[in-house]
Amino acid sequence: MIMGLGAPGDKWKHNYELLSKWFWCIVPDNRGAGLSDKPEAESYTTEQMADDIIGIMDALDIKKAHVMGVSMGGAIAQQVALKVPDRVLSLILTSTFASVSPAFKKALNLICELKEDWEIY
């Protein structure tokens, strides 16, 4: 279960509680989100994060899996399916995208720039 931009994996809590009755559910934090490492980089790509997911599958010896993603997590899930199609039993995508338009990229960059000035109380 792959979460969207900036959100921790535990946002899947309600889904996980239900689905874990039938499936072994893994809800990692994406690179830079939640309790994960935050490697120094200008940005992280969905391709890099797909490699992270595949690495988790390898570490847990998961040969095949149903892969679910929401928003950016869906874009990561699509990259997983492109990289290792033989390991994806099904792909469940919600509120996601296959590519990012230049206008959307510009908006994300602006958000990142503004975030530096935000204060959390």
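User: In this predicted model, what makes R87 and D58 a salt bridge?
Analyst: Their side chains meet at 2.6 Å, N to O. The cut-off is a Lys or Arg side-chain nitrogen within 4 Å of an Asp or Glu carboxyl oxygen. The R87 and D58 pair at 2.6 Å therefore qualifies.

User: Which parts of the chain does the R87 and D58 pair tie together?
Analyst: R87 sits in the loop between α3 and β2 (88-94), and D58 is in helix α2. The pair therefore ties together parts that are 29 residues apart in sequence.

User: Are R87 and D58 buried or exposed, or partly exposed?
Analyst: R87 has 14% relative accessibility. Buried means under 20%, so R87 counts as buried. D58 has a relative accessible area of 45%. That value falls between the 20% and 50% limits, so D58 is partly exposed.

User: How do you know that K83 and D51 form a salt bridge?
Analyst: Their closest N and O atoms are 3.1 Å apart. The limit is 4 Å, so the K83 and D51 pair counts. K83 belongs to helix α3 and D51 to helix α2, so this bridge ties together parts that are 32 residues apart in sequence.

User: Why are K83 and D51 called partly exposed?
Analyst: K83 is at 37% relative accessibility, and D51 has a relative accessible area of 40%.

User: What makes E17 and K13 a salt bridge, and where do they lie?
Analyst: The closest N and O atoms are 2.4 Å apart. That is within 4 Å, so the E17 and K13 pair qualifies. Both residues lie in helix α1, four residues apart, which is about one turn of the helix. E17 is partly exposed at 39%, and K13 is partly exposed at 46%.

User: How many salt bridges does the structure hold?
Analyst: Five.

User: Why is S36 called buried?
Analyst: S36 has 18% relative accessibility. The limit for buried is under 20%, so S36 counts as buried. S36 lies in the loop between α1 and α2.

User: Why is W22 called exposed?
Analyst: W22 has a relative accessible area of 61%. Exposed means over 50%, so W22 passes. W22 is in the loop between α1 (13-19) and α2 (46-59).

User: How many residues are in the largest nonpolar core, and which have the most contacts inside it?
Analyst: The core has 16 residues. Those with the most contacts inside it are I2, I53, M57, V67, I76, V80 and V88. α2, β1 (65-70) and α3 (72-83) each give two or more residues to this core.

User: What does I2 touch?
Analyst: Leaving aside neighbours within four places in sequence, the contacts of I2 include W12, N30, I53, V67 and I76. A second, separate core has seven residues, among them M1, M3, A7 and M68.

Definitions and conventions
Residues numbered from 1 in each chain as written. Predicted model: local features only at pLDDT ≥ 70, side-chain atom pairs only at ≥ 80, totals over all residues. Heavy atoms only, no water. Buried < 20%, exposed > 50% of the residue type's maximum accessible area, 1.4 Å probe, protein only. Core = buried A, V, L, I, M, F, W, Y, C linked by side-chain atoms within 4.5 Å. Contact = heavy atoms within 4.5 Å.
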